[in-house]
Every structure is written in C-alpha cells, then in structure tokens.
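Please keep the structure open while reading.

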Amino acid sequence: MKMKMKIVSILLVKFLVNLRLYQIISSLYLIKKDFSIASISLIFFYFQLSKWILEIPTGIISDKYGRKISCLISILFSEIFLILLVSFKDFYIILIAFILNGISYSFLSGSLDALLVDTIIEEKMEKKLDFFSLIERIVFYSAVGFGSLIGGSLAMLSYELVIYISLGLNLISCICLIFIKEKRNIDFSISTKELTVQSVKIIVADKLILYFLLIDLAIALSMVPIDNLYSIYLKEYNFNEITIGLILCIQLIFSALIGLILMKHFNKILKKIKIEMLPFLMLTFISLFFVVNNKVISIILYLLGTIFFCIYAPQKYKITHSIIPPKVRGSIMSITSLFISATGSISHFVFSKIINYSIKNIFLIFISLSIFFLIIINLIFKSKLKEINKRGI
C-alpha cells in the first residue's frame, strides 16, 4: 500500500521528536550530578505531575488552534529543558527543567498522533488505522531504540555531547514540522469548558473508550516507573551506556517489527488470542525479567513482553480512533494522557518513599497490582469483551 507524502512527512517528524538521544542518560546523568535514586524518583514524580496538570489545556489548544501549534510549543519547551539540564546542577533548577519537559510532553501527547489520524481519515484510509498504528509504533520504537543506541554510544564520550546533539535534532524536527500543511476547520467559538465537557461525556458514555482507558491506567501503574528507571536497573547488571543503548534499541525495534510480521502473516492465529489477554501476557513476561537471574534470558523475556504490547496497541488504536469524533480527538487523547500521567506520578511518589527496599521487589509488587486491576476491570466489562474482540484485529 502506497502511503501519501503528507503521512510520510508526519511519520518523519514523529521519528525526529522521539529520537531523544538524552532519554537513555537522563536518569544516569542525574546520578552523575550526584542525585540519589530517591531524589531522581521525586524529580520524575514532578515530571509526571506537570504532564498531568496541563494535559487537558494542551489538548484543547490542539483542538482549537491546531496540532502544529501544539507540537511547535512542545519543541520550544524541550529546548529550554535541555539547556537547563546541561547548564545547572542545583536540585531545584533541575526540578524546574523536568517540569518544563513535562509541559513539553503534554503539548506533544496526542497532538502529533491526532494530526496523523486526521490525515489518514482525510486520505480515506480509516480502514487501515490498525496498520498505520503499527507503522507509527515501529517509527516510534525505532526512534527511541536508535536514540538509545546513539545516545548510549555518545555518552561514552560525553553526556553533554548527547544534550547538545539533542538540541540540534529538535531544531531539525521543528523545520520539518513547519512545512507540513494542516487542513483544519478551526472553530474558535467552542469554549474550553465545552470541549472538556464534550470529551468527558464521550469517554464516560462509550464503554469501549472507557475500557481501554482503564486498561491503560492499570498498565501505567507499573510500567511508567519501570520505563523511566529501566536504564538504572540495567546499569546494576554492570552494563555500560553503549550496551544499555544497544539492548533498548534491539528490544524496541524488534518488538515492533515482530508485531508487524505477526499482524501481516499470522492474522488468523492472532484472532484466537483475546485482546484482554495481551496486557496480562505483557506484564507476565516483564515480571519474569525481574525474577530470572540469567542476563540474556531476562532481556529476551522483556522483549517478549514488549512484543505482546505491540500486538495489543494497534487493536486498541483502531477501535478507539474509529469511535472518537475528530473535533475532540486531541482533547480526548490528552485526557487519556492526563490519567496515565497521574497514575505515573502516584507510582513514582510511592517508589520514592519505599526506595530502601529492593528495586526488583518493588517492581514486582507494582506489576502484581497492575495484574490485579486488570482482572477487576475485565470482570466489570465482561459483557463488553465479546464486542471488543469482534472489533479487534
């Protein structure tokens, strides 16, 4: 299937803004600046909190004034974050920097994805939303993976070099974004309150959207802190930065590519796996990562967990975006991100308070809680699961 140039351009920007070479070293860089793990977790708590507070306002800006405006503001805040990160060692300045980075994420979350979905629907390709979701995930994981590999490699030379190159990549993504034409019928008469109320009503009224939101929250309870502190955990395996980057690169890219291969060539087999089982399988394999002592086997287990997520995500993507009205797409996606950020904030706050215990045991407790909530959610929505599976792959 031939993709339109505009879709390719959006995917290119998606790759560039998520290349974030600094992401793999952000927590390690703070350790280098003599921050404790408890302080780092507290910083990430405020990072998630800043995302949480501004998710709805930024989603409304995206819906009212355009996806491009929201993305450009995001890049600006990201640049300020990087400048502060590389220039200062004071705890409170670094805390402010991460809060600004959280604001950057809130402006970006949903906006670029909404621009992609709007364009796909505009090009009459809405029946391929699950396919484009997987392509988007491959682009995203490739960006994060290559960003981890390149960032880890450059960090062996200098952590500061990683930050400076990240600043340049942000500028390139900004230039690419400017040349993308956004076709929107902007209605300035719609108030912020009205957009918010409409979005919340849709989420509450549509049980499928509500179901997937709750599932995302259950997953986020454990996976947000795990994702943010994963490189520190790998560091405890005595891996250096370049090896950690290579591991992340392989895990992320392979999981997305294998997900695409499975969807394309083993569709009939995947249909036999109920969609509600995929988050369970993901969390089960990731929990085994913390249990198995063999380094190679544990990393493979983590890879298997991400593969199951890559099978789950496109199905959820197709179902939800086929339901969400375009005029509130950004707002609804931001509300979803808001709750995920809030959940991540709580997880990081709790983590910072019980850091004296084994990191491995804390992660296993969090994963157990996620699985418990998944069971409760699936029991509550039991009558809807048949419909969900029917509208899946």
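Predicted model: local features only at pLDDT ≥ 70, side-chain atom pairs only at ≥ 80, totals over all residues.

## Helix 1 and helix 8

Helix 1 (residues 5–17) packs against helix 8 (residues 159–178) with the axes 9 Å apart and an angle of about 160 degrees. Angles over 145 degrees count as roughly antiparallel, and helix 1 and helix 8 are therefore roughly antiparallel to each other. Their crossing is left-handed.

Helix 1 contributes Leu-12, Val-13, Leu-16 and Val-17 to the contact, and helix 8 contributes Ile-172, Ser-173, Cys-176 and Leu-177. By class, seven of these residues are nonpolar, one is polar and none is charged.

## Helix 13 and helix 14

Helix 13 (residues 277–291) and helix 14 (residues 295–321) cross at roughly 165 degrees, and their axes come within 7 Å. This pair is therefore also roughly antiparallel, and helix 13 passes helix 14 in a left-handed crossing.

On the helix 13 side the contact includes Met-282, Phe-285 and Phe-289; on the helix 14 side it includes Tyr-302, Phe-308 and Gln-315. The contact of helix 13 with helix 14 has 16 nonpolar residues, three polar ones and no charged ones.

## Nonpolar cores

The largest nonpolar core has 86 residues, and Phe-98 and Phe-289 have the most contacts inside it. Helix 10 (residues 207–235) supplies the largest share of this core, 17 residues. Another core, of 29 residues, lies apart from it and has Ile-10, Ile-75, Val-139 and Leu-260 among its members.

Beyond its neighbours within four places in sequence, Phe-289 is in contact with residues including Tyr-230, Tyr-233, Leu-234 and Tyr-237, as well as Ser-298 and Tyr-302.

Note on methods. Residues numbered from 1 in each chain as written. Heavy atoms only, no water. Axes fitted to C-alpha atoms, helices over the stretch in contact; angles between N-to-C directions. Helix = DSSP H or I, 4+ residues; strand = E, 2+ residues; numbered from the N terminus. Parallel < 35°, antiparallel > 145°, perpendicular 65-115°, else oblique. Left-handed = near helix turned anticlockwise from the far one by under 90°. Contact = heavy atoms within 4.5 Å. Nonpolar A, V, L, I, M, F, W, Y, C, P; charged D, E, K, R; others polar. Core = buried A, V, L, I, M, F, W, Y, C linked by side-chain atoms within 4.5 Å. Buried < 20%, exposed > 50% of the residue type's maximum accessible area, 1.4 Å probe, protein only.
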